[in-house]
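Open the model in your viewer and keep the selection panel within reach. This tour tells you what to select at each stop and what is there.

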Amino acid sequence: MSGVEAVGSVSEIEVRTPGREAWRRLRKDRFALFFLGMFAAFFLIALGAQVDVLLEGRGNPSYSKSLMEMGYAFEETHHPPTFEAFPLGILGLDWNGRSVLLRVLQGARIAFMVGVLGALCSIVIGMSLGLLAGFFGGWVDALVVYVYSTVASIPYLLLMLALAFVLKQGDFARIYRESGLSGFLSLGLFNIVCVIGATSWVTLCRLVRGEVMKVRELDYVNAARCLGFGNLRILFRHILPNVFHLVIINFSLTFVIAIKSEVILTFLGVGVDKEPSWGQMIAYAKNELMQGIWWPLASAGGLLFLLTLSVNYVGDALRDALDPKLKH
Amino acid sequence: MIGYILRRALYGIPVLLGVALITLLLFHVAGGDPAAMKLGKNPRPEDVAALHRSMGLDKPFPLQYVDFLGQTVSFDFGTSWNDNTPVRRIFLRGLGPTLSLTIPAFLIGALISISLSLFVAFYRGSVLDRTTTFLAIGGISISSLVYILVLQWLLADRWKLFPIWGYEYGFGAAFFVALPVLIWVLLTVGQDLRYFRTVALEEIGRDYVRTARAKGLPERRILFRHVLGNCAIPIITRLVITVPFLITGSFLLEIFFGIPGLGGTLYTAIQNSDLPVIKAFTMVGTILFVLFNILSDVLYAVFDPRIRLS
């Protein structure tokens, strides 16, 4: 036998990267895993609904057909949840006799579109401005700080309403309709995404700027500079990964703000108009509830609650897991 | 100190100028021609021109901007397009009902969230703490619209505990405002509770708490004297920052419960494209926000000697 005996191959030794460390901590919280699973389920539903829309085309999708048109015998349009026409009827029929189940599942698609696109919008604006301001300092920083303190000074709801209102009726709406983009993303949805993007980037920008200002003074950044790396390379390869946890956490916050705003904007008549969104179903419920028709509200409100809860909970757990100061 | 306040206030001026610019650009440029909006479809060209002159829209944009700043400074935004009432009177008319809703809601909410957060911070890690935090997350995950719809339907329509709709000036307001106040408290307590709990827990982790424990002070005394004293600053500043929102009101609550306040007025104005009212609200809301931000910074500096006033 030769003297050296291998203790184990490299693959057997657990490599502790920050990402794995965070996942290890997240895994400890069973609730977080449960809600992560719930979020994944919602994502699959939304994906399925999107595939369904692509397959059925724009003509007359099944979520906009009444169950009578589909050949089921119902006497009234507003039918409470029933096992007839299973599974289409389990959440009841809405005021047009359409399946609440199908519409609510489509609503998940709209919620994800609004949430993901809105959060992406705000991340792109907030992250890039925050990186620029924190890294370059000087007049760039002064300008960015001025812009975000101005935007943050307008009461959020007021800015959101005013923007939505302007986008809806100005020349902009006409240009958008003519551009052909509306075939992909309806004007109402586009409005909401724009409004969310334009109003919710400030928090992230502020956080990223502060963190970048700290990180850029660290030794490894100086080392990179000594090696002659350019600003862009330092910014994107060396600084960005170290502030990216802020972006991940912010994604969950903005996602929630976006789907909640969709409900309010749609209720006020400046949001989604064509597609079946949760906001729309909740808005209709204003008149339906007083007639004792509770199931559209219960379905849409319940799913909205579950999705928001799962994102909120996972976001909280992620924040703790990604925080290197909290050692478990 | 006075120098600091002045500097802080002066910094608010460019922000206000920026907000005025955004508002004007938003409504006069991006939103299309306001005159066309007011006159409806197919107006006569001479009517549009006359209206442009009377609204000052024939002037170049920089001059319109100066006009708008003048309106803001004198708080004279002209008259509503809807019924020609002066905007100032609309504003003052709505202030009372809004405050009768928001002030009690704010006080009750603050009382509940502060005491509850200290309580759960005291029993941190226990089942009680975990349940409350979980309920708080659950509470903030419900859409505000769902809260309003369900509680109005259940408590007012079905159980008839509260009036569904309406308002009365004077002491009778309490009757109509009770349910909206309850909903406002439910809407805000979860968020505030989470924030105050984090603040309290952060303070509990500090060195002076360990020192206090090391010299044998009872936990209760540490919490209510030492920790609460240091938490007071972030708590007060957060409460101060929310004051402007008490004045702009909650438009959802006011629409649903028929309270003739500022939030409902703004909603009607947006529905009717009533530009003077919308512009006035944006500017007043922003000015209040900037003022109270300055106030909260100043309070921070007053209460916390560690903050250098340079």
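In which helix of chain A do Glu21(A) and Arg24(A) both lie, and how many residues apart are they? Bear in mind that this is a predicted model. Select the two residues: both belong to helix 1 of chain A, which covers residues 18–28. They are three residues apart, about one turn of the helix. Glu21(A) and Arg24(A) form a salt bridge, and their closest N and O atoms are 3.0 Å apart. Side chains of opposite charge can pair when their charged atoms come close. Over all chains, the structure holds 19 salt bridges.

**Chain A as a whole**

Now select chain A and switch to a cartoon view. You will find twelve helices and zero strands. The C-alpha trace of chain A spans about 80 × 65 × 35 Å along its principal axes.

**Chain B as a whole**

Select chain B next. How many helices and how many strands does chain B have? It has 13 helices and zero strands. Its C-alpha trace spans about 85 × 60 × 35 Å along the principal axes.

**Where the chains meet**

Show both chains and select the residues in contact. On the chain B side there are 45 of them, touching 40 residues of chain A. The area buried between the two chains is about 3800 Å², and carbon and sulfur atoms give 78% of it.

Which residues form the salt bridge between the chains? Select Arg194(B) and Asp316(A): their closest N and O atoms are 2.8 Å apart. The count of salt bridges between chain B and chain A is one. Between these chains there are also six residue pairs in polar contact, with both residues at pLDDT 80 or more.

Stay on the side of chain B that touches chain A, and colour it by helix. Several helices of chain B each supply at least two residues here, among them helix 1 (2–30), helix 6 (127–140), helix 7 (144–158) and helix 13 (275–303). Helix 1 of chain B gives the largest share, ten residues.

**A nonpolar patch on chain B**

For the last stop, display the surface of chain B. Select Ile108(B), Leu111(B), Ile112(B), Leu116(B), Phe119(B), Tyr123(B) and Leu128(B), which make a nonpolar surface patch of about 620 Å². Which helix gives the largest share of the patch? That is helix 5 of chain B (residues 87–122), with five residues. Finally, click on Leu128(B), another member of the patch; this residue sits in helix 6 of chain B.

How values were computed:
Residues numbered from 1 in each chain as written. Chains lettered and ligands numbered in written order. Predicted model: local features only at pLDDT ≥ 70, side-chain atom pairs only at ≥ 80, totals over all residues. Heavy atoms only, no water. Contact = heavy atoms within 4.5 Å. Buried area = accessible area lost by both parts, 1.4 Å probe. Salt bridge = Lys/Arg side-chain N within 4 Å of Asp/Glu carboxyl O. Polar contact = N/O pair within 3.5 Å; in protein donor to acceptor, adjacent residues only side chain to side chain. Helix = DSSP H or I, 4+ residues; strand = E, 2+ residues; numbered from the N terminus. Patch = residues over 30% accessible without salt bridge, like charges linked within 9 Å, V, L, I, M, F, W, Y side chains within 5 Å. Areas by Shrake-Rupley, 256 points an atom, 1.4 Å probe, with all protein chains shown as cover.
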